[in-house]
Amino acid sequence: MSNASGLLGLARAPPATGPQPSTPPAMPALPPGLQLDRVGNGSQEAPRIFLTSALARSVSGVFVWTALLLTCHQIYLHLRSYTVPSEQRYIIRLLLIVPIYAFDSWLSLLLLGGHQYYVYFDSVRDCYEAFVIYSFLSLCFQYLGGESAIMAEIRGKPLRSSCLHGTCCLRGMAYSIGFLRFCKQATLQFCVVKPIMALTTIILQAFGRYHDGDFNVRSGYLYVTLAYNASVSLALYALFLFYSATRELLRPFEPVLKFLTIKAVIFLSFWQGLLLAILERCGAIPEAQATDGSRVGAGTVAAGYQNFLICVEMVLASVALRYAFPSRVYSEKENSPAPPAPMQSISSGLRETMSPQDIVQDAIHNFSPAYQQYAQQATHEAPRPGLGRPPFPSPHPSTVGGSSGGRRTRNVEKHMLIPAEDL
């Protein structure tokens, strides 16, 4: 009230020159909105947030649905020409990262407000992130014919020592079955750690112990971020080590675009979110007010900008993945294109793609002490190198009995264990 009284007092003071006005100055003399807010509320109102406006939701929605249409069409093309299930199973899992990331981020943006609903949606997105890293490494294994074919090519070769590749401390070591075990174990541990961290985040959020951007030692955000950063760094380091060891073998499959696209979607999105959290901690991102009048914390605002950016970036990711994993290499044959698959076959292929059975079997094989010195070999693999045939299976193997016959046999894939010393 003192500000208002001062202003009225100034209004009653006679002017220095000119006639005395008959009425005091009107309300336009007040600063626009600020003084009245202080009179009524005692503090300045928080600024409106762009992320909850209709424009932000419309723009993000356009990008999201564009990414969904592009990726779902590509997934449909792979399922229609599901001729190499051992590879396309993992390709479809990789492509699904765009719909999951885009739609999850858009829902989080639509529900942005005083309640931190985005924490629950982001937990689903982050769990699938671990699934993608494992699927990409497994796809590389399938490109090269499996563990036994890879070991036959690299076993006994010296491991190149390089500070750039992070192998400077491995001087004098040679590639062995233990190297492949480490690569698989490092990616599988992320499939375990990430869901645990997501569940921990939800529990801490329920008890008010988790706030985005809060690096206080009493907050769970600091410890979840450290654990996640260590786990994902180990997984990506193993992926990079495997690529360095098999770069020449993977060259026919053009792995660079595939590797960079997957790594950009996962790793850059993480560092992008961490940068926004640091900016919020430094005060560059203040708290704001939603269109419904509720106050939005600074950490929630930073997470909102992260979700908005992901919605936009998923269009770029969908285009990059379209070039990285084209479907035409599986539909084109030397003589004639493969016939379109019926909808029943497409649905069964999608169910097989989403089944986690192979992950469970792979985890048992790679972590059980009984299998540490054995390499897996699938029954559909080509013979081992040195027997007069190509060392790796063709990406377009012919199927006995036509396309439908190939689909009937894909569910009887068997694996045999070969001692590492016999390779």
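Mentor: Start with Glu254. It is exposed, with a relative accessible area of 60%. Glu254 sits in the loop between helix H10 (247-250) and helix H11 (255-281). Its phi is positive, about 50°, although Glu254 is not a glycine. Keep in mind that this is a predicted model.

Now the setting. The protein has 16 helices and four strands. Of its 423 residues, 46% count as buried. The accessible surface comes to about 21,600 Å². Carbon and sulfur atoms hold 64% of that surface. Among contacts with a separation of 6 or more, 78% join residues 24 or more positions apart.

Next, the interior. In soluble globular proteins, nonpolar side chains tend to be buried together. Here the largest nonpolar core has 72 residues. Ile97, Leu180, Phe242, Met314 and Phe325 touch the most other members. Helix H6 (residues 118-143) gives this core its largest share, 12 residues. Take Ile97 as a case. Leaving out residues up to four places away in sequence, Ile97 touches Tyr128, Val132, Val265, Ile266, Met314 and Leu321. A second, separate core has 12 residues, including Ile49, Leu51, Ala288 and Ala302.

Then the cysteines. The count of disulfides is zero. A disulfide needs two cysteine sulfurs within 2.5 Å. For Cys127, the closest cysteine sulfur is in Cys191, 9.9 Å away, so the two are too far apart for a bond. Cys127 is partly exposed, with a relative accessible area of 27%. Cys282 is exposed, at 65%.

Last, confidence. The protein averages a pLDDT of 74, and 70% of the residues score at least 70. Among the elements, helix H3 (residues 54-80) has the highest mean pLDDT, 93. Helix H2 (residues 34-41) has the lowest, 36. Over residues 21-43, pLDDT stays under 50. The model gives that stretch 15 contacts beyond four places in sequence. Residues 380-412 also have a pLDDT below 50. Where pLDDT is low, the predicted coordinates should not be read in detail.

Terms used. Residues are numbered from 1 along each chain as its sequence is written. This is a predicted model: local features need pLDDT of at least 70, side-chain atom pairs count only at pLDDT 80 or more; totals for chains, interfaces and linings use all residues. Side-chain values use heavy atoms; hydrogens and water are left out. Buried means under 20% relative accessible area, exposed over 50%, partly exposed in between (1.4 Å probe, protein chains only). pLDDT is the predictor's confidence in each residue, from 0 to 100. Helices (H or I, at least four residues) and strands (E, at least two) are DSSP runs, numbered from the N terminus. Contact means heavy atoms within 4.5 Å. A nonpolar core is a set of buried Ala, Val, Leu, Ile, Met, Phe, Trp, Tyr and Cys residues joined through side-chain atoms within 4.5 Å. Accessible areas come from the Shrake-Rupley method with a 1.4 Å probe; for residues, only the protein chains shown count as cover.
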